Structure formats: C-alpha cells, structure tokens
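Please read it with the coordinates open.

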Amino acid sequence: MSNPMEMRERKGLTRIDRRGRREDIFSITCLLASGIAVVILVTLLSTIVARGAGSLNTQFLMGVHLENQPEMSGISQALVGSLVLLLICGAVALPIGIGTAVYLEEFSTSNRWLQRWRGLVQLNINNLAGIPSIVYGILGVTAFVYMFGMFKPIQVNQVPQFEVGANYFYQLKTLELPELDIPGQFVYFPASDPDLAFRTITEPIDVYDRQGLKLKLNVLDPDQPLPNVASQLTTSVMRGTVASRFVRFNRGHFHLPLGRSILAAGLTLALVILPVVIIVSQQAIRSVPDSLRDAALGLGATRWQMVYRTVLPTALPGIMTGAILSMSRAIGEAAPVIAVMGGVLATSRNLATMMDSSPSLPSTIYKWSLHHHIAYDRLAAAAIIVLLVTLLLMNLIAILIRHFYEKRLELL
Amino acid sequence: MSTEIVNPNPGSSESTPETRASAITIHGFNAYYGDFQVLRDIDLEVPEKQVMAFIGPSGCGKSTMLRWINRMNDSIQNARAVGELCLINQNVLTAKTDVVELRRKVGMVFQTPNPFPKSIYENVAFGPRLHFKISKSSLDQLVEWSLRKAALWDEVKDRLNRSALQLSRGQQQRLCIARAIAVGPEVLLMDEPCSSLDPGSTSRIEDLIFELAAQFTIVIVTHNMQQASRCSNRTAFFYEGTIVEVGDTKQLFTRPKMKRTEAYVTGKFG
C-alpha cells in the first residue's frame, strides 16, 4: 500500500503503467481465446465418449452393419475398408509426392521450358493444397469412376468393356427326382461370350461339376422317358433348359473404368493428400544443408546418387512425419470417399477384390449419424472414438519416428 | 594501380629446387558468373605432389579457381569458364569430360566440416561405394588406411559405428579428408579447410597437409597467410581476378617481386 509504484498505478499516471495494463488486457484476451478452444474441444470429446463408450465392445469391433439391428451392428468392414483405402492412398501418393518434391528441389535446369514447367507445377501444388476435399471427390468420380467416359460405364448385369481376373461361366441345374430323393446338381461351363446373360441348352456339351470334374451333359427331349439311373439323371437336362451367367472373380480382378470401387476411392484420397505430401517433402529436402550435397558431389556422386544416398536419407524423418500426418488426414476424409463409393454401410463380399466397394470409418459415421433409427447415433459416437484413437496413434507414431531419427543421428 | 598487375610466367621462378611434372596446368583461363568476369587470363602450373596455396583478399576469385578444377561450379546456374584447365594433359573444361571420374581424381575438402549424418565408417566408405565394387574386408582395410592417413584412426578406431556428428569439428574435418582420399584421388582441393577450427585443430590439419603432400598434389585456398607460409611449397597470390605473383612460398613471403604482393603479405591491405 505504501509502495509508491502502486500509488501511481492507482492514479493511472505514467505511460509505463498504461502500457503495462494494455499488455495485461492483451494477454488475458489471448488466454480466454485459447481457453474457449480447449473448452469446446473437451466438451465435444466428453460428449462423444459419454455417448459412445457404452457401445464399444468386441461385438462392435467385429460385427458388420445390420439394418435395423443397431445392437448387433459393428464396424469391422469399415475398419478394413479404411485400412485398405489408406494402403492404396499411401502406395500411390507417397512415391509420386516424394518424386515430385525431389524433382522440384534437386533437379534444377537451365532449359527455359522446363523452368516454366516447374514454375507451373509449383504454382498448382501450392493452390491445390487448399482445395476442399469434396472437389477432389467430384474429380475422382469423373477421373476414376467413369474415366471421362472413355469406356462403357459399369452397370449391373453387364460385362465391363475392359476386364481382367473375372471368369465367366454358365450355371445350370441337372434333372432331379425328389420322389427317389435324388437331388440335381449344379454344373458349369465356361462362357464363350460373356455378354449374353443366358444360354439355352440344345446340344449335349461338356460341363464341370462342383468338384471341377469334367462330364458330358446329356440333353433329353420332353417326349423321351427319363432315365431311372441316378448317375444318368444327374448328368442330363431337358432340351431348352436355360443356363444363367455366373462370374467368379480372382484376387486380381480389375476393370476399366474403375467404377465405384475402393481402388477409385483410394486414388481419389491420394489426390487429396498429394499436394500436402509434396509440400512437406519439399520442406524436408530443402532443410538438408547444401554442404552435404557438395560433399557427395565432391566425392564424384552423380546427381541421382547424391539424392538417393545423401539427401533422401537425411530428409527421411521429415518426409515420413509429413507422410504420416497427411495419411491421418486421408483416414478422416469422408466427402471424397462418399462421393466415389457412395455411402455403402455394408458389403456382402467382404472386400474380396480392389474392384469392390466398401464402407469406411468416416462414411459409416456419416451414414449412422443420419440414420432414421436413433440408436445408430450411439454407434456413430463409438466409431468416432475408434477414429480418434487411430488418428492419435498415427500422430504418436509420427512423433516417435522423428524422435527416433533425431536420436539416431546424434548418437548412432 | 592495375598497371602493376602482370602475369609472371610460373615456369620462371627459379627458386624451385627440383623440376617436377605439373599435375594441373591452367592456361588462358577465364571464368564468369553471368556477365561478371571473376577470373581473367589465368596461367598457372601446379607441380605434382606438392602443396600449392592460393592467397588473396576476399572476392579475388581464388575459391572460384579452386572449384573449377573439379568442376564443382557446374551446379551454379550461370557459372561458366573458357580456356584451358588441364589435369595431366587432359582439358577438364570440355563438355565431354566425365565429371564423376574427374571428381574421383580430384577430391575436395570444404570450408566447414561436412560429414554425412552417418557413422564414421559409412562416411569414409561413401566414396568407394560410389565408384568401386568392393568386398567388405577390403573396404574395411580401405577405411582403416584412409583414417590412418588422415591421422584420425587412433581416435576413432573403437567407435567406427558411432555418428560422425559426435566428433569435434577438428576431427570432423580430418574425417572429411579421410573421406576424400578414400577414393584414391591424385589431387586434393582444400577450400579454407581450417577457417572454422580452433588453433589446435588447425595445426593438426596443417601437419596432415604436409604429410599428405608426399602422396597427393594439394591445392589449398587460405585467408591465413601464416598458414600458407607454414604448409605450402608454392603460393599464388590472387588479386581482383588475376594472379599477381606465383612462386616458391619462402621467396614469395620474404622477397616478393611485386609491390602489391608485398603489401598484402605484410598485412597492409586485404
């Protein structure tokens, strides 16, 4: 109280005091602003945990989405879908992104046209990083799902124009005699023209049974008496029987255009994160000191050897950190995935090939939170928890990688 | 002032006791950055297995000269050079020069120690791995030989697999020398190799330079005149893009022929 400084402050006399007060106001405002952000975040997280934690159980993690059975539904397909999306996205975006960054940073040129080209690429990358992901979704639909209309669109019950890894058969059932308890068997024969959905049997042909054994298919006329031997009966059909087309996909099933497949969605996600991967890699490469480049070149390294043996290993922690952070952006993207694959909630074929569509975590969350059955809301909250934990883990890995490399460079 | 600057014929300095073959012959050499001429009509011979020092004030072009010998200036966008720069009777300035092979023959040590962020062993093995297919055991031998040559072996033999960044700066610079000689060069270029080192490390490197001269031709750029006088056989004094004087180091420092040389070596300018 008797402190003269304090007396002066109360009167508000000196400029220094006023300056101090302004500083106080400023720092309190900043504190409040940061406080609001934290409060909102904590509220959001606690609401979600409160809502979703009850649904987090093995049933939820192992199950698939079942319509109108929220208590039995789960996210296993969405988890697998998100993982596969991430793998495709990483396998495409990382090599292209790092390659572009290396080209832009390391391969300077005196050619005027190449310099302009580089300038154009750089300008585009800087602008593309800020484009909303739904725009990429639309691009993905045009570029991958329909491939600019260069091919016949994928339609139900139609064979795509360009396709590998699909075996077309016709399937038919042989005669049966329920009274004698003799069941018919399914037999198959390869389709010479897969475009025809049906074929009428008029001639005896070679067919294969379920075990893949070759057998001769007899054709009986309606006025002919049925054979009474079971082995003959189950290798015969009536003339005019219709065989229907049947397709079996190999693991490597692929068709063009890509259609609403997980491959198309993964490629679209790769487009979303590509600019970020390039920019982050460029920064990492730029942070490698020129003295190391000089050292490698001075020892007689070619430009490629310099990049491969010196620049990239030194920039690797930065590149990997950036890569993981962009991957964690990719795993959370809902808009492009829904635009490409449509918000599928479950598939019957469990993602057997890259040409299947699949649910993913964000699209499942989106669909569930809009579901008319209110109980799916809790499942959406639980799925958000899973997604957040995944993101947290990925960021943790990024931090650990950086830490590990920094340690290794120091100590080795 | 510029009237004083003439090009003495390097062959005319009689004070060299023995005539040696020249490792590097430079004749009518001009270097430019864009339109700016850095070096003008350079004529110089660097004798084999001796130490040649380039001295001169900042910006006189001595580093540029050095970096043209192994074409390190190639990576500078608008740098170009015309004239003759022969390494053992082969002009290295032609477009068809194999720059990779040239740099194997002409090693370089830079101003600041620049070891790779790898282990000590990997640093030395880097160059040989680029150029030769080599077995593990002979690579081990080569690494040991190089480190011994660079007077570093005894200090690091127990921690070859530790990071080179843990070494002191003086040790790092000797590691860079070991790395440069591991590819078996004929010429070693040193661009102010001691300018970022403490006096103790500097004197170790100077001793090393003297020892290495038995086997390699060494060209060293230095700002430190004592260093030039201590560890070189011949000295070239650069000034404003030309060579003012070149001669036996002892002679150049004690009885310089040119007034400007005398002014520089006695510390009147520069």
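1. The model is predicted, not experimental. Chain A is built from 13 helices and seven strands. With a radius of gyration of 32 Å, well over the 22 Å that the globule rule gives for 412 residues, chain A is more spread out than a compact globule. Along the principal axes, its C-alpha atoms fill a box of roughly 125 × 65 × 45 Å.

2. Burial and contacts in chain A. Of the 412 residues, 40% are buried. Among contacts with a separation of 6 or more, 68% are between residues 24 or more positions apart. The accessible surface is about 23000 Å², and carbon and sulfur atoms supply 64% of that area.

3. Aromatic pairs. Over all chains, the structure holds eleven of them. In one, F169(A) and F246(A) are tilted, at 6.4 Å centre to centre with 55° between the planes. This pair links distant parts of the chain: F169(A) belongs to strand β1 (residues 162-173) and F246(A) to strand β7 (residues 242-256), 77 residues apart. F246(A) has a relative accessible area of 23%, so it counts as partly exposed, given that buried means under 20%.

4. A pair within one helix. The ring centres of W304(A) and Y308(A) are 5.1 Å apart and the planes meet at 25°, so this pair is stacked; the limit for stacking is under 30 degrees. Both residues lie in helix α10 (residues 303-332) of chain A, four residues apart, which is about one turn of the helix. An α-helix has 3.6 residues a turn, so residues three or four places apart point the same way. Separately, ring pairs join F60(A), W368(A) and Y376(A) into a cluster.

5. Backbone points in chain A. The peptide bond from L256(A) to P257(A) is cis, with omega near -10°. P257(A) sits in the loop between β7 and α8 (262-286). F148(A) is a residue other than glycine with a positive phi, near 55°. F148(A) is found in the loop between α6 (133-145) and β1, and its relative accessible area of 57% makes it exposed.

6. Helix α1 of chain B. This helix (residues 62-69) is mostly covered, with seven of its eight residues buried. The buried set is K62(B), T64(B), M65(B), L66(B), R67(B), W68(B) and I69(B). After α1(B) comes R71(B), whose phi is positive, near 60°.

7. Two further residues in chain B. D41(B) is in strand β2 (residues 36-47) and, at 40% relative accessibility, is partly exposed. A151(B), in the loop between α4 (136-149) and α5 (153-156), has a positive phi near 55° although it is a residue other than glycine. Its relative accessible area is 31%, so A151(B) is partly exposed.

Key. Residues numbered from 1 in each chain as written. Chains lettered and ligands numbered in written order. Predicted model: local features only at pLDDT ≥ 70, side-chain atom pairs only at ≥ 80, totals over all residues. Heavy atoms only, no water. Helix = DSSP H or I, 4+ residues; strand = E, 2+ residues; numbered from the N terminus. Rg over C-alpha atoms; globule rule 2.2 N^0.38 Å. Buried < 20%, exposed > 50% of the residue type's maximum accessible area, 1.4 Å probe, protein only. Contact = heavy atoms within 4.5 Å. Areas by Shrake-Rupley, 256 points an atom, 1.4 Å probe, with all protein chains shown as cover. Phe/Tyr/Trp six-rings, centres within 6.5 Å; stacked < 30°, edge-to-face > 60°.
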